[in-house]
Amino acid sequence: MRALFHPSLLHPPTGDPGAWIDLPDEGRALLLDLPSLAHLPARRLLKLAHAVVTHTHMDHFVGFDHLLRVALRREGPLTITGPAGFLTSVRGRVAAYSWNLIEGYPVRLRVQEVAHDTLRSEEYSGESRMRPVALPDAPFTGTVHAERAFRVEVRTLDHGIPVLGVAVRETRHLAVNKDLLVRRGLVPGAWLKELKDAIRRGETVDTEGLIVEGEGQVVAYLTDLVGTDENLRRAEELAREADLLLCEAAFLDEDRALAVERNHLTARQAGELARRAGAKRLAVFHLSPRYEGREAAVFGEAGEAFGAPVLEMRSLSPIIRP
């Protein structure tokens, strides 16, 4: 069955962290973390349905200004979610610029932060001259974005500061029986998407086997985690039975003292976490630059602990060697 989510890393494994999840059937995309985005064309960034910033360390947040610049002429709203304190971080970034000519721009940026059991939000627009306008608080139930075909869930984890773990879940996986389509001489088109939408809305539709249903896809994203038992338990719950777990593996286990000092996971811990969570596939990223050229050792250690080889993910940023 055709996958709904098509994930890629934003940078090579020893580069800045971040993931792009394309949803080609929906014409949308999701962005997990905001490292440097200079290599992504504006037309791609304009497809964003939602972005999540796990925390505001520079390597996870430096791309905010680039995304904001692209979003200034975006016709539809864009929502970015972060952990507790994120509203203050965004206010500082936006306030650093002068906005006297912004009133005619269509920009509508909604910023959310997860603070315990509350989702706090502010909106920036050309009309407000990019001053934050507070929106009503909402109870936080785990979901920060929901559409007909998918939802984005987050959980607050620990990196010495609050960080967000992310799980992107397909609500209901519907696919076309292509063999039957060909046998009936039918031509693919927008009508198939409309048929799926009707099923998702709960309408009674007799597709005569043309539309088949399978388990919904789940992609989990975990980075910058303290390796304590409680933190790992919470991360495992979020990533339970994920089809793909993207997990940081900052250090080899021989350097665990450094991992503890810097509140990161080792490759072995990443593999063990994925195995205990029951993830079907594991890809590791956010490797310390000290392992550039030795990535295979990190992948091998994670895969040994996981019980299967790790998936070496495609990166949207080319590797440039001196």
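The buried residues of helix 9 (buried meaning under 20% relative accessible area, with a 1.4 Å probe and protein chains only) pack against strand 14 (218–222), helix 7 (229–238), strand 15 (244–248), helix 8 (256–261), strand 16 (282–285) and helix 10. The model described here is predicted: local features need pLDDT of at least 70, side-chain atom pairs count only at pLDDT 80 or more, and totals for chains, interfaces and linings use all residues. Residues are numbered from 1 along each chain as its sequence is written, and side-chain values use heavy atoms, with hydrogens and water left out. Helices (H or I, at least four residues) and strands (E, at least two) are DSSP runs numbered from the N terminus.

The buried positions of helix 9 are A267, Q269, A270, G271, L273, A274 and A277. After helix 9 comes G278, which has a positive phi near 75 degrees. Helix 9 (residues 267–277) and helix 10 (residues 295–306) cross at roughly 35 degrees, and their axes come within 7 Å. Axes are lines fitted to C-alpha atoms, for helices over the stretch in contact, and angles run from 0 to 180 degrees between N-to-C directions. The crossing of helix 9 and helix 10 is right-handed; a crossing has this hand if the near helix is turned clockwise from the far one by less than a right angle, and is left-handed if anticlockwise. On the side of helix 9, the contact (heavy atoms within 4.5 Å) is made by A267, R268, G271, E272, A274 and R275, and on the side of helix 10 by V298, E301, A302, A305 and F306. The contact of helix 9 with helix 10 has six nonpolar, one polar and four charged residues. In this classification, Ala, Val, Leu, Ile, Met, Phe, Trp, Tyr, Cys and Pro count as nonpolar, Asp, Glu, Lys and Arg as charged, and the others, Gly among them, as polar.

A further helix pair is formed by helix 3 (residues 64–71) and helix 4 (residues 86–95), which pack at an angle of about 65 degrees with their axes 11 Å apart. Helix 3 is therefore roughly perpendicular to helix 4, a term for angles of 65 to 115 degrees. The crossing of helix 3 and helix 4 is right-handed. F64, D65 and L68 of helix 3 meet V90, R93 and V94 of helix 4. Four nonpolar, no polar and two charged residues make up this contact of helix 3 with helix 4.

H159 is located in the loop between strand 10 (150–158) and strand 11 (162–170). The relative accessible area of H159 is 6%, so H159 is buried. A polar atom of the H159 side chain lies 2.8 Å from the backbone oxygen of N263. Beyond its neighbours within four places in sequence, H159 is in contact with H55, H57, D224, L225, V226, R262, N263 and H264.

D117 occupies the loop between strand 6 (108–115) and strand 7 (118–125). With a relative accessibility of 55%, D117 counts as exposed, the term for values over 50%. Residues up to four places away in sequence aside, D117 touches A138, P139 and F140. D117 and T141 are 24 residues apart in sequence, and their C-alpha atoms are 7.2 Å apart in space.

W191 belongs to helix 6 (residues 190–200) and, at 33% relative accessibility, counts as partly exposed, the class between buried and exposed. Residues up to four places away in sequence aside, W191 touches L181, L186 and L210.

Methods
Polar contact = N/O pair within 3.5 Å; in protein donor to acceptor, adjacent residues only side chain to side chain. Parallel < 35°, antiparallel > 145°, perpendicular 65-115°, else oblique.
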